[in-house]
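Please examine the structure shown below. The briefing that follows is arranged by topic and is intended for study alongside it.

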Amino acid sequence: MVWGQNGQVKKKTYRSLYFNSSTTLVPPIPVNNSQWFRLLNSIRFCCLSYLTFNSQRFRFLNPPCNYPKSFCSRSFLQIVDNLSDEQSMKELVTFQVGSYANFIGSHFWNFQDELLGLLEDPQSHLIFKNQNLDMDVLYRTGETQQGIPTYTPRLISVDFQGSLGSMSSRGTLYNHNPSPSSGVATWTGNVSTQASEPHKKNLFLQRLYDEGQEINESEILDTDVVKSLEDGVQYWTDFSKVHYHPQSLFELNGLWMDPKEFNNYGIGRNTVSEGLQGDEINERLRFFMEECDHVQGIQFMVDDSGGFSGVAASLLENIADEYTNVPVLLFSVRSPNYYNTLTSRKLSITSNLHDAVSFSALSSLCKLIVPVGLPSLNESRVSQYLNVEDVKLYQSSAVYASAIHSINLPFRMKKMGPTGESSNESGAMDLYECIQMLAGQGRQNTVAILDAAMPPPSMTGKRFQQPLLGNLHPLTPETAHDVDDSQAIETMIVHGALGAGEKEVSVSEVREAVETEYENTSSTRPRFSHLSVSRCPLPIPLPFPSIFNNLVGRRGDLLSNSPTVSESPSRRGPLDVHSIPMAARLRSSTAVLPFLENRLGYIRKFGIERGSIGANVLTSWGFGREEIEDIGENLSKMVLALNPQQEYSSDDSD
Amino acid sequence: MSVRVLNPNAEVLNKSAALHMNINAAKGLQDVLKSNLGPKGTIKMLIGGAGDIKLTKDGNTLLKEMQIQNPTAIMIARTAVAQDDTSGDGTTSTVIFIGELMKQAERCIDEGMHPRVVVDGFDIAKKAILEFLEKFKTPVVMGDGPDREVLKMVARTTLRTKLYDALADQLTDIVVNAVLCVRKPEEAIDLFMVEIMHMRHKFDVDTRLVEGLVLDHGSRHPDMKRRAENCHILTCNVSLEYEKSEINAGFFYSNAEQREAMVAAERRSVDERVKKIIALKEKVCKGTEDNFVVINQKGIDPPSLDLLARAGIVALRRAKRRNMERLILACGGEAVNSVDDLTPDCLGWAGLVYEHVLGEEKYTFVENVKHPNSCTILIKGPNDHTIAQIKDAIRDGLRAVKNTIEDEAVVRGAGAFEVAARQHLVNNVKKTVKGRAQVGVQAFADALLIVPKTLAENSGLDTQDVIISLTNEHDNGNVVGLNQHTGDAIDPEMEGIFDNYAVKRQIINSGPVIASQLLLVDEVIRAGRNMRKPS
């Protein structure tokens, strides 16, 4: 993909098999021969881990796979960091639990894969080459039994059985003998084979497969791929271009129910706590945690609209137990479709109770919870430059994934010393610092609001001057706008920002612009704010849905006067838009009060009140009277933290 | 029909339709699982939409893989899975027994009997059979030294229904030894103390019992030994990694020096913990060739690893929680939660600790321990589905042995119990029952025969011939089971075919309960879906 080139450029679908960045190869290490020999010896045994030598840490870069390890030369070593520096917390482990969480996750990993691909591509833009993001935060280096190196997300995904579509739960890299013809080795008697109809690969997956087989002249055109994805995404794997580790994808089996009935906290809770499945997921987490040298935290996405929140709660309990000091950042996500299924009063009471119970349980098990998912994305203010069909999970999840990707960036930026300044990014922080900042001080409010501007307006220049802050709109449901909260705390990330005339804006210019805006803004300035800036925009990979409207340009610049409607389609997708700038923000503010108050109201009205309708429902989920009251207390504490003036007696619950 | 009035959209099935719906569901499930039963059954290979392969001959696994939607079938499946949870085996038998009870009941009901009468008969028969089982079982004396031969026979009977004979026989010894290894006098057997580990490597026959432990991770430092002999083992749950201090410590510092001082202090406290461990090592290993291995449930970060490696210590981090318990049982010593009061008494001992690397997977073997009370079954196999199937079989085998020890009894197998129980019902019990409940007793008795019938059917024998020859032989006063190869009657005791007492009792207990419930259903209402708000 070449910038600014017109005409039909075939968009590459990057799919990184292994990470082979050769950006910072070490200059010859000053060691004498005997030391060098010892070093080589240790390398032979240690191809996964880091290597400590002469108080420097090295990472062993994987040589080409046919290369015997004993022939490693010095050029395969990379200095990671000096031990004398402060230990930086590094690795993140990601959880995706539930269908919609996996849809979002699928887009999220596509972005990462695209960034990796752009890093390697000699033709990509300089911005992507110098992105300076540490991908090892999210990815792990591995090796198959055949000795082929791999680079896969450090991820655990949990979903229904059969939700993986045409992807094997063992992933794509570590499979060798999937053919059923190899016969049954353990049984000499009869064999009956029950094969279900193979899932047909869509055009996109076919093309990925072709490219994997090095058939470069794939006959499948970009436009066809985009069209087939627009019309027919059924599973989240349909648009995923990432290779997963065999430990990553977990299917819940033995549910024996329609996914529609798997719709409340109680059911999910029972599923995992009863059988061995919970243990197995925890084992997989241990697998990823064991390899981490300094885990900085766990990033957890859960589709909390149904039983998966119960599943997540029991997983989180284990995390709190086993990895006590590892902070968890939880995104509780919810698809727009969820809001359409509540057709009867009974269902809506159940779901209200579920909301209250699930939120109370999840929030008490993590350090920071971010509710994400508007009832209608298309009608929200975020969609100023977007055109999203709410019914399509494939489209709406892309928006949330973009925002979560942005929030995630500061965790991967390389930390500079006190004096070091990078021209490419600033404002690195780790997950722990982020959580401490938002939730750890003052009000101890652990609920944050996610805001995004997709794409934000240009940062400099008079012509298009629009306030950035005014363009950040919440992706969290049930929030109040225009609140004056002098105690607010926020952390913002702006990346890939453009200025007048499509020019990239430097890091310091962005900092200045944001600072000026804080000064000039009419509403109260937050008590504390943190800003992270990166020059690297959000790359739009091929399997990204066409959700931009015709005001968005090739690089995410905003066209001031809409081009003549006739010549451009009403929706622009990955073929028209190659990257966009993004701004996203996490905010701890009283604006989240309606969200909390609603949940408190639900549990009081349907659960706690004498003779309330929902008491039976809660009992069937396994909650006793006292536990229900605890939930109410927990929620009212959260409300009180933000709004100490108001007295919430347990009487005024209507 | 009152439901119709309340909700015109509700689907209502009347009496006979409801009953037949239930019976058909039970029969359907029976048909699916029937071919699994016994050592001549059919193994099922399931290929998913993405080409994933699963192999199973286990009713429990198969049920979990099926996307059952029918509510009746779900009820039966839940009973069967509960059967597996409580007694470890007999899922397939439960399902086919329930199916057969329903089938026999259907016959009576079609002839005009009321389901209630049939159910009464079931109740009487069930009580009688449970009493009969007490008399029929073969007691096994479990003293300090249990009869290995009996345990082996039970294990072999189970394993041979899941794996081919040679492999089953090999696993029989492994399974029995494993259970006896973790058995402690006067205590319930905790099968969790048998670790089951698998490696995708070599062949199924390379599966073996490791007296000691196999951990699925290795040391994370290149300078640590890959193989160490005569090892002192420290099992601990102590964080050896730099952590930011707990909540509220704040992360704002007024100047850079303060920040660095805090970081240094944190680091120092970790280093001190490491140094205490090193000091213990110096104490116990000084002047000897002994080695020292630290197995930690919490993390160990690279600087700590480095310190330990320089002191010649092998260290493993993030061990499984259960392995902490197993390690103590296998190697001795005790698990420590703090390094403050370390004494040589805390240490366990193993003759050999070594690492095995397969691709990115590392395994650490802790072997040659002195008095193992915990052990590991190491499953090997060329691919995942083979491993998974062996794993299922081993789990069943372990529980069969455990049940035998706890029941202090076994039941003669190969259909012998079912034939004897049936004859007992027909010849003795039925005569004592007055009135129409006799029909229910007879139906129950005939349903019992489904087990030998299915065994015969799966072996390609004629079911009628087999049943006649078995009942005749039984009425001659012998306890007989079915020879799978010839269809002749055999003495299961001679052949060494024994089932678990607990499993049989559970089947007799739960089968009729669920069948009775389903038979007594006289209306099925399907409401709640597509219901609109009554506004």
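B:Pro302 lies in helix 10 (residues 302-310) of chain B. The model is a predicted one. The points below begin with this residue and then turn to helices of chain A.

**B:Pro302**
- B:Pro302 has a relative accessible area of 8%, so it counts as buried, the cut-off being under 20%.

**Helix 7 of chain A**
- Helix 7 of chain A covers residues 277-291, which amounts to 15 residues.
- From its first C-alpha to its last, helix 7 of chain A reaches 22 Å, close to the expected 21 Å.
- Helix 7 of chain A is largely enclosed by the rest of the structure, because 12 of its 15 residues are buried.
- Among the buried residues of helix 7 of chain A are A:Ile281, A:Leu285, A:Phe287, A:Phe288 and A:Met289, and also A:Arg284 and A:Glu290.

**Helices 13 and 15 of chain A**
- Helix 13 (residues 593-608) and helix 15 (residues 625-642) of chain A pack with their axes 9 Å apart, at an angle of about 155°.
- These two helices of chain A are therefore roughly antiparallel to each other, since the angle is over 145 degrees.
- Helix 13 of chain A passes helix 15 of chain A in a left-handed crossing.
- The residues making the contact include A:Leu596, A:Leu600 and A:Ile603 of helix 13 of chain A, and A:Ile628, A:Leu635 and A:Val639 of helix 15 of chain A.
- By class, this contact of helix 13 with helix 15 of chain A has 11 nonpolar, 3 polar and 5 charged residues.

Technical notes. Residues numbered from 1 in each chain as written. Chains lettered and ligands numbered in written order. Predicted model: local features only at pLDDT ≥ 70, side-chain atom pairs only at ≥ 80, totals over all residues. Heavy atoms only, no water. Helix = DSSP H or I, 4+ residues; strand = E, 2+ residues; numbered from the N terminus. Expected span 1.5 Å × (residues − 1). Buried < 20%, exposed > 50% of the residue type's maximum accessible area, 1.4 Å probe, protein only. Axes fitted to C-alpha atoms, helices over the stretch in contact; angles between N-to-C directions. Parallel < 35°, antiparallel > 145°, perpendicular 65-115°, else oblique. Left-handed = near helix turned anticlockwise from the far one by under 90°. Contact = heavy atoms within 4.5 Å. Nonpolar A, V, L, I, M, F, W, Y, C, P; charged D, E, K, R; others polar.
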